[in-house]
Amino acid sequence: MSMLLEVSGVSVTFDGFRAINNLSINFAEAELRAIIGPNGAGKTTFMDIVTGKTKPDEGTVIWGERNISLLGMSESKIATEGIGRKFQKPTVFEAQTVRQNLAMALKNPRSPFDVLMHKKTKHNAERIEAIADNIGLLDNLTRVAGELSHGQKQWLEIGMLLAQEPRLLLVDEPAAGMTVEEREKTTDILKEAAKTRAVVVVEHDMEFVRRLDCKVTVLHEGSVLAEGSLDHVTSNQTVIDVYLGRGHA
Amino acid sequence: MRRSFLIENPSVMWFLAGLGLFTVVVTLMSEVTGVGLISTSFVKTLGKTLCLCLIAIAMDVVWGYCGILSLGHFAFFGIGGYAIGMWLMYARTEIVVLESLSGQAIPPTSQEISDAIGNQIFGVVGSSEFPLIWAFADSLFLQLVMVILIPGLLALVFGWLAFRSRVTGVYLSILTQAMTLALSLYLFQNDSGLRGNNGLSGLQNIPGYEGVSQATISIIFFIASAIALGAGYVFFAWVVSGKMGSVIKGIRDNEARVRFLGYHVESYKLFIFTITAVVSGIAGALYYPQAGIINPGEIAPIASIYLAVWVAIGGRGRLYGAVIGAAFVSLVSSWFTGGGAPNVDLGFYTIQWTDWWLIVLGLSFVAVTLFFPKGIGGLFDYLVRKPS
């Protein structure tokens, strides 16, 4: 099967600390995947490498059917190639309205000149409304994003990712600080999104991961410890020892 | 599209109406075109103030909207002034030289004329040679091109180097200070080709209009400054109103996020830095013929810091705030430092405003930052309720 993203043999060291150690991990088109692991397992660093924020010391990151290397590409170029990222803390533009936030994210030409000459079109407005409907913020389009609740900000950020129309969505702890109902809705949004693209969710919360009902990759000390269904990895003795045992002790 | 832009931004219409009214009132009260209630020197002060308002809105766009605290925009203002000053000085000296040589029996050669002009202009710095940078000084058109080109190119190169290396925040501010300081120190040298600390003078005399009184010239420059401010305001309001405004405000609030949305942040910063530098250059080119003289002291680092203070006091992130701040602070400043404010005798000590004004300005800057982060412009929020 042809892979959308192939990460192989990647290592990165920060001041002598090996954050990622010979990591190899692949994602297929239209796949939902959860990445779990204890603190310091390298989950966020992995995302930093894929999105171009951190340059690895060795290894390759190959993208798409043209097999291009993402290493050495700028963050903005990688984003326009089709990789979207949601940060751990909800980061929306709080001084601007929900509509402006979505409009900025909407897939359109990104050069300064294009943006300067940009005109509001009916087509774009419809796209924005469709996304807002999807994330449950249709009635909040004119509100300033700073006024939204924590959960709504998380959804707005997911909505901004969807607006980018990425082929791979990296989502860092989407359920953090959410109520039970909000978590359910978030699960639905992510599952829906994964029908048409690859969605990779980094999460601590096992209950949330169970609800996602997808393939799970366990990271430990910068490399893959186990991979498979949630039941499969949680019955793995090493996983219990290094991760679950600690968390549930 | 243009009409809808103005309708969506009523503050632009209000601003243009206010500026237009102000221009008409001043014109009707000036000495030549009106009843003479406003002196020629005060018309010049008002015209200069309008130019300062123009550079203030440029500063507001680069700082208040895009979050780049440039403390070097007065360098571009000064360059604009020098560029136009070179033509003014050259053309006027040429007229004077031709007059004095016209009495001779043998008509002077072009070399003799050129030498005489060079002698007149560069005599003060012990030279008579025209430096290379004066190559276009005989052409008004080319020097006007320089007004736009030189600040634009300097901003483009400086910005490209700084933004590409991801220099941000206070480090960028320090770099911009260094840029304006370096330029100022360079120009102070006699062999810089721009008359060292003498600067360029006599800029209020417009070549070809020797017969026209300063009263008339002052009102023409005043109106030209008002038009430039109006045009600059509409231009920047258009830039910051649409999606471009969204993106640059996003860069101000969270640069990394904008980057991960797929926008090449460095290009946007460079674009904003450069267009604001060009507008600053234009403002300077209108300012210095009204001031009459430009010297390297004008682009000392402190000038650019004042610019930031005006914008902060007026209200960052709204264009009219920058205009209010620049006009209010610079006029009050010249009232205090020009001896307009009466000294206060406390018995044991006399407060001399020429000394104490800077303290007052500094304290009000601190007070505004702490208690009214929206500045004077923020008061409008109480008057106008935002449409929901």
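Student: Which residue is the bridge partner of A:Leu168 in E8(A)?

Tutor: It is A:Ala198. Keep in mind that this is a predicted model.

Student: What makes E7(A) and E8(A) a pair?

Tutor: Two strands pair if there are at least two bridges between them. E7(A) and strand E8 (residues 198–202) of chain A have five bridges, in the parallel sense, so they count as a pair. On E6(A), four bridges join strand E6 (residues 83–86) to E7(A), also running parallel, and therefore this is a pair by the cut-off of at least two. Within it, A:Lys86 has A:Val171 as its bridge partner.

Student: How do you know whether strand E7 of chain A is mostly covered or mostly open?

Tutor: A residue is buried if 20 or more other C-beta atoms lie within 10 Å of its own. Four of the five residues in E7(A) (168–172) are buried, so the strand is called mostly covered.

Student: What does A:Val200 touch beyond its neighbours within four places in sequence?

Tutor: Its contacts include A:Leu168, A:Leu169, A:Leu170 and A:Val171, along with A:Phe27, A:Arg33 and A:Ile35. A:Val200 is also among the residues that touch the most other members of the largest nonpolar core, which has 176 residues.

Student: Why is A:Ser11 called neither buried nor exposed, but partly exposed?

Tutor: Buried needs 20 or more C-beta neighbours within 10 Å and exposed means 12 or fewer. A:Ser11 has 16, so the label is partly exposed. This residue lies in strand E1 of chain A, and its contacts beyond four places in sequence include A:Arg18, A:Ile20, A:Pro56 and A:Gly59.

Student: Which strands make up the open sheet, and in what order?

Tutor: Four strands form it, in the order E2-E1-E4-E5 (chain A), with antiparallel pairing.

Student: What makes E2 and E5 the edge strands?

Tutor: Strand E2 (17–27) and strand E5 (68–69) of chain A each pair on one side only. Helix H1 (residues 43–50) of chain A packs on this sheet, touching E1, E2 and E4 of chain A, and its direction makes about 65° with that of E2(A).

Student: How do you know that E4 and E5 of chain A pair, with E5 being 68–69?

Tutor: Two bridges join strand E4 (residues 58–63) to E5(A), and the cut-off is at least two, so the pair qualifies. In it, A:Ile62 stands opposite A:Ser69.

Student: What is found in the hairpin of E9(A) and E10(A)?

Tutor: There are two residues between the strands, and A:Glu221 takes a positive phi near 45°. The strands pair in the antiparallel sense over five bridges, with A:Val218 and A:Ala226 as bridge partners.

Student: How many residues of chain A are in contact with chain B?

Tutor: There are 23, meeting 23 residues of chain B. H2, H3 and H4 of chain A each supply at least two residues to that side, which by class has nine nonpolar, nine polar and five charged residues.

Student: Which element of chain A has the lowest mean pLDDT?

Tutor: Helix H10 (residues 237–248), at 71, while H3(A) has the highest, 94. Chain A averages 88, and 97% of the residues score at least 70.

Terms used:
Residues numbered from 1 in each chain as written. Chains lettered and ligands numbered in written order. Predicted model: local features only at pLDDT ≥ 70, side-chain atom pairs only at ≥ 80, totals over all residues. Contact = placed C-beta atoms within 7 Å. Axes fitted to C-alpha atoms, helices over the stretch in contact; angles between N-to-C directions. Nonpolar A, V, L, I, M, F, W, Y, C, P; charged D, E, K, R; others polar. Core = buried A, V, L, I, M, F, W, Y, C linked by C-beta atoms within 7 Å. pLDDT = per-residue confidence, 0-100.
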